[in-house]
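Please look over the sequence and the structure shown below before reading on.

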Amino acid sequence: MFDIRQSMELCPNMLEKCTEANVTLFKESERKTLLEFKQSLQAVDSSGIDVLSSWKSEECGVWVGVSCNNLTGYVGKPDFRSRFKDVAGAISSSLLKLHHLRLLDLSYNDFNGSVIPEFFGSLKKLRYLDLSKANFGGPIPSNLGKLSMLETFRLGGNGEGLFYRHNIVNTFTVGKLEWLSHLSFIRELDLSFVIRNE
């Protein structure tokens, strides 16, 4: 079965062949963008160790939670999904500078009721967006309907018996759902535990 999460590590042009035989460096602009993005985040493991301390090298593939194209050095996959790390803080709009971003996974973290940033709706190349079980909250921005390339979209699960470090479980609310009709490529949609406001 086709796994979109694995496919994000492949070349944007599927006719190209990626190789791990040679060391590939980040595009310097992408590396600087990720360092800017890191400034507003806190990420520790169960031992209290900073899991983003690996974000130093210029080499692709050694930064925890980041995958990039082995030929071009462009970042395509920030993936912070984990039951063992705790990523929190603010989500910087510097992500908009990552023009080849295909996947964004912030699930299983604790953003303490933060609202989904409006700028997410401008990440036009996203094919996979997972914000489930990450303790976001508030209204779901309708401009997420601009993510017309999305195939997987997960927002659910905040009420599913999870325990967050802030001990407060937040929920999403949503009004009209017409914007979902613009997600013409969607294959998987999870809005469980989302409260509908008429």
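What follows moves from the chain as a whole to its helix, its sheets, its core and some loop residues.

The model is predicted: local features need pLDDT of at least 70, side-chain atom pairs count only at pLDDT 80 or more, and totals for chains, interfaces and linings use all residues. Residues are numbered from 1 along each chain as its sequence is written, and side-chain values use heavy atoms, with hydrogens and water left out.

The chain contains 2 helices and 11 strands. Helices (H or I, at least four residues) and strands (E, at least two) are DSSP runs, numbered from the N terminus. Along the sequence the pattern reads α-α-β-β-β-β-β-β-β-β-β-β-β. Of the 198 residues in the chain, 46% are buried; buried means under 20% relative accessible area, exposed over 50%, and partly exposed in between, with a 1.4 Å probe and protein chains only. Contact means heavy atoms within 4.5 Å. Among the contacts in the chain with a separation of 6 or more, 68% join residues 24 or more positions apart.

Helix α2 spans residues 28-38, and its buried residues are Glu30, Arg31, Thr33, Leu34, Phe37 and Lys38. They lie on the same side of α2, because they cover an arc of only 160 degrees around the axis; the arc is that of the directions from the helix axis to the C-beta atoms.

Two strands pair if DSSP finds at least two bridges between them. Ser67 stands opposite Lys77 in β3. The hairpin of β2 and β3 has 6 residues between the strands, and in this hairpin Gly73 takes a positive phi near 80 degrees.

An open sheet of 4 strands has the order β5-β6-β8-β10, with parallel pairing. Its edge strands are β5 and β10 (188-190), each of which pairs on one side only. On average, neighbouring strands of this sheet are turned by 10 degrees against each other, direction ignored; axes are lines fitted to C-alpha atoms, for helices over the stretch in contact, and angles run from 0 to 180 degrees between N-to-C directions. Within the sheet, β5 and β6 pair in the parallel sense over 3 bridges, and Leu104 stands opposite Leu129 in β6.

Another open sheet has 3 strands in the order β7-β9-β11, and here too the pairing is parallel. β7 (138-139) and β11 (195-196) stand at the edges with a single partner strand each, so one side of each is left without a neighbour in the sheet. Parallel strands β7 and β9 are joined by 2 bridges, and the bridge partner of Gly138 is Phe172 in β9.

Which residues touch the most other members of the largest nonpolar core? In this core of 43 residues, they are Ile91, Leu106, Phe120 and Phe153. A nonpolar core is a set of buried Ala, Val, Leu, Ile, Met, Phe, Trp, Tyr and Cys residues joined through side-chain atoms within 4.5 Å. The elements that give two or more residues to this core are α2, β1, β2 and β9 (172-174). Not counting residues up to four places away in sequence, Phe120 touches Ile91, Leu95, Leu104, Leu106, Leu131, Leu144 and Leu147. In soluble globular proteins, nonpolar side chains tend to be buried together.

The loops also hold buried residues. Tyr108 lies in the loop between β5 and β6; Tyr108 is buried, with a relative accessible area of 15%, and its phi is positive, near 60 degrees, in a residue other than glycine. Asn109 lies in the loop between β5 (103-105) and β6 (128-130) and counts as buried because its relative accessibility is 3%. A polar atom of the Asn109 side chain lies 2.9 Å from the backbone oxygen of Phe80. The backbone oxygen of Leu106 lies 3.1 Å from a polar atom of the Asn109 side chain.

Asn135, in the loop between β6 and β7, is buried at 0% relative accessibility. Although Asn135 is not a glycine, it has a positive phi of about 60 degrees. Finally, Gly157 is placed in the loop between β8 (152-154) and β9, and is buried with a relative accessible area of 1%. Gly157 and Leu191 are 34 residues apart in sequence, and their C-alpha atoms are 8.0 Å apart in space.

Key:
Polar contact = N/O pair within 3.5 Å; in protein donor to acceptor, adjacent residues only side chain to side chain.
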